[in-house]
Amino acid sequence: MSVLEVSGGISKPIAPGPKPAASPGRAALRQYLYSLSGIAGAVILLLLVAMTLFGPLIYHVDPLDIVAAPFTPPGSDALLGTDYLGRDVLAGIVYGGKATLTVGAIAALITIVIGVTVGTISGYFGGAADTALVKVIEFFQILPPLLFAMVLVTLFGQTLTTITIAIGAVSWPSAARLTRAEFLRLRGLDYVKSSRAAGATDRHVMLRVILPNALPPIIIAATLAIGVAILFESGLSFLGLGDPNTMSWGLMIGQNRNYVLDGWWTVVFPGTAIFLAVLAISLVGDGFNDAINPRLRRRI
Amino acid sequence: MRRKIITMLAAGLIAGLAFGAAHAADRSTVVIGTTQVPRHFNGAVQSGVATAMPSTQIFASPLRYDDNWNPKPYLAKSWDVAPDGLSITLHLVTNAVFHDGKPVTSEDVAFSIMAIKKYHPFQTMLAAVDKVDTPDAYTAIIRLNHPQPSLLLAMSPPLMPILPKHVYGDGQDLRTHPANLKPIGSGPFKLAEYKQGDYVVLEKFDRFFIPGRPKLDKIVYKIVSDPNAAIIGLERGDINILPFVSGIRDIERLEKAPNIFITDKGFAGIGPLNWLAFNTKKKPLDDARVRQAIAYAGNRDAIIKALMGGKATPATGPIAPDSPFYEPKVESYKHDVAKAQKLLDEAGYPKKADGTRFSLTIDYIPGVNEQQRNVAEFLRSQLKRVGIVVEVRAASDFPTWAQRVSSYDFDMTMDAVYNWGDPVIGVDRTYLSSNIRKGVIWSNTQQYSNPKVDKILAAAATETSPEKRKALYSEFQKIVVNDAPIFYINVAPYRNAFDKKLTNLPTTIWGLMSPLDELSWANESKK
């Protein structure tokens, strides 16, 4: 059974000890490097991150500033052309990446923090607490997430902060369910029972015994959540609910989509950027899965 | 196989014949596409284009206008304004009847005028009217408390539909009267069918009081929710007239379409202005020099050329360029960055170490991106160059925007306001200090207050000499443009698009908001 494999594979060194040894991490890394797609994803992602971090230092053009005539095609005036106002598309890509990737990362963080907290409490204690929390999770799950995020953004204003929080607030239920399932599975295992028998507090068992063993799937989910959050931000911007004061890839598509026939470059370049970012993150998630999942490990 | 081909050919032939037949029947019908859904058809209690278009076909009005602002006889065959300006006598035609066969009399005119005064949203329109006397069945004398020369324009088709007293005078509230949806008027067309949110069918009224009219048998207002679908429908010939086209790319597309005639005539009456309004009570915008600086930095010419493809007319002041009261000799705020910088320095807002002076927010009406959002974003970029940091505040829907602006929770906002013909009807409301009414959108939300302007507008509203009146409005425009509570940008680039085979097009100042009794299909040469 996979249960045995998990506990025997990665969890054993972590479970009772106060600090995991270095070797499993290194083993996972080695494992990750075996995965071609994982490497490809990591490389693309690093390139995109490097572009958003260092690009603004090299390319000094305000993405909100009007630099040339509207719909100047890619060329000498503007390397990737200009949009409907005459703003530089390349500047938008370079500067907009920061907003897009930050929204993705922070929204994913919010998703995971809320999800893991709710899932941990629900899965560990069970009973009435579990029933109540599962109802809450279900309540959020039955709301169409994009619609719910739109309502939040409409109510609290179109700023990047609200958009980030809104995405986090609508995406946590799946993380909560995942964590809860892991806890339900792990809490009956022998090493958990023994640690409880040894007099460990609930807190200790939850955070130091079960949670580290439940982490692998959560890490993968978190990685994928970044990709989903980026798509979410793009979706909201596409529907006209982006923050008009912060350039982001989603905003570029959302604002320019009416003009796609007048200037394909206004939409294609940011679209490609989003595509690459989400693809890279998915590949990295896959790589993690390969590295952490003991079943796949044996194949190599 | 061959059989199949023959069947297909036959099917094609039948379809072609059917199409031809339908096309022939179309010769007496015109389909007008519209994206706006009318709440009802009673223009006496409801303003707006959606109601006015069908309402002006169903109801006749005392006067109508040509394309040069001249009043023409309609239900009133003639009219006299008393020398003291305190009464207007209407001599009605004697052969006009309502769609139910009852004659149109002075009683109906009196009833309608008092109803409009009571219920119509444009409260200044009939402000001077005291009562209407009816010495005989075909004479109505409008008695005024003070002269109001704008009254003649207020008798236009979209503003003064004559209602039958015997239908609407039954004591029910006119705003919710059941006959608003089953209207009976005396106009060239009568309502045949209305499917809410889908279509309105109007049929020729056989006993219309002008002989030989209307030329058409039927007008169908087809409600199309998607503007793109409306454009395609027009190109395909499913729709014959598309009013109020304003998208730059739509206009360019229709200008190239071989079967379409597109014109900017027909909007002089409404005078739709697009502008940037300032909250003149909020620092630093309380200083006229700051507002002027923003106007100098704004670059109206670039907005019209680059953002609107040169399809819009520049607006230079509170009165639209098509109006007879328009004064072109005002400060034009031609793009001048140095002057803007100087004005800001003088106003006491020097550039700080980081190159900025102060921050402002700008709002815009959601949903009309080309006229509103794009201009707001353009201005953000322009104003940055003179050290003003602008944050664009998006509103998710119209009520959110209206709430912010009418409760003065804004620094600057893009806005679109119509002149509605005479300044008294649509212009005064934006500048009179008495119209600073919190919570009312399109009142004086700039909170602009200049006693001199108040005085001039009050005088112009009652001035009966056209020359003197024009001079007063001239002065008003110069003062307001100088005080700059508003940076005027452009006239909304509205166009009416017609099937090329239609003739006698409605190009009067009210365009499609006037009776289409002369509109017809051109005689085709033999088939």
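B:Tyr408 is located in the loop of chain B that runs between α12 (398-406) and β17 (412-418); helices (H or I, at least four residues) and strands (E, at least two) are DSSP runs, numbered from the N terminus. Phi of B:Tyr408 is near 65 degrees, a positive value in a residue other than glycine. This residue, B:Tyr408, is partly exposed, with 15 other C-beta atoms within 10 Å. A residue counts as buried if 20 or more other C-beta atoms lie within 10 Å of its own, as exposed if 12 or fewer do, and as partly exposed in between, the C-beta atoms being placed from the backbone. The model is predicted, and local features need pLDDT of at least 70, side-chain atom pairs count only at pLDDT 80 or more, and totals for chains, interfaces and linings use all residues. Residues are numbered from 1 along each chain as its sequence is written, while chains are lettered from A and ligands numbered from 1 in the order in which they are written.

A positive phi, near 50 degrees, is also found at B:Tyr333, again a residue other than glycine. B:Tyr333 sits in the loop between β14 (313-314) and α10 (337-346) of chain B. B:Tyr333 is buried, with 22 other C-beta atoms within 10 Å.

The bond from B:Arg213 to B:Pro214 is cis, with omega near -5 degrees, and B:Pro214 belongs to the loop between β9 (199-204) and β10 (218-223) of chain B. The bond from B:Lys283 to B:Pro284 is cis with omega near -5 degrees; here the proline, B:Pro284, is placed in the loop between β13 (272-278) and α8 (288-298) of chain B.

Strand pairing was examined next. Strands of a sheet pair through backbone hydrogen bonds, either parallel or antiparallel. In the present analysis, two strands pair if DSSP finds at least two bridges between them. Chain B has an open sheet of six strands in the order β14-β18-β13-β17-β15-β16, with mixed pairing. Its edge strands are β14 and β16 (388-393) of chain B, each of which pairs on one side only. Strand β15 (residues 358-363) of chain B pairs with β16(B) in the parallel sense over six bridges, and B:Asp363 has B:Arg393 of β16(B) as its bridge partner. Parallel pairing over six bridges also joins β1(B) and β10(B), where the bridge partner of B:Thr34 is B:Ile223 of β10(B). Strand β1 (residues 29-34) of chain B has five of its six residues buried, so it is largely enclosed by the rest of the structure.

Two packed helices are described by the angle between their axes and the distance between the axes. The axes of α8(B) and α11(B) come within 9 Å and cross at roughly 105 degrees. Axes are lines fitted to C-alpha atoms, for helices over the stretch in contact, and angles run from 0 to 180 degrees between N-to-C directions. The two helices, α8(B) and α11(B), are therefore roughly perpendicular to each other, given that angles under 35 degrees count as roughly parallel, over 145 as roughly antiparallel, 65 to 115 as roughly perpendicular and the rest as oblique. B:Ile294, B:Ala297 and B:Gly298 of α8(B) make the contact with B:Leu379, B:Gln382 and B:Leu383 of α11(B); two residues are in contact if their C-beta atoms, placed from the backbone, lie within 7 Å. By class, the residues of this contact comprise four nonpolar, two polar and no charged. Ala, Val, Leu, Ile, Met, Phe, Trp, Tyr, Cys and Pro count as nonpolar, Asp, Glu, Lys and Arg as charged, and the others, Gly among them, as polar.

Between the chains, 12 residues of chain B are in contact with 14 residues of chain A. On the side of chain B that touches chain A, α11 (373-384) and β16 of chain B each supply at least two residues. The most is given by α11(B), with six residues. The residues of this side of chain B divide into four nonpolar, three polar and five charged.

In chain A, helix α10 (residues 249-256) is mostly covered, with eight of its eight residues buried. What covers the buried residues of α10(A) includes α4 (89-125), α9 (202-238) and α11 (265-292) of chain A.
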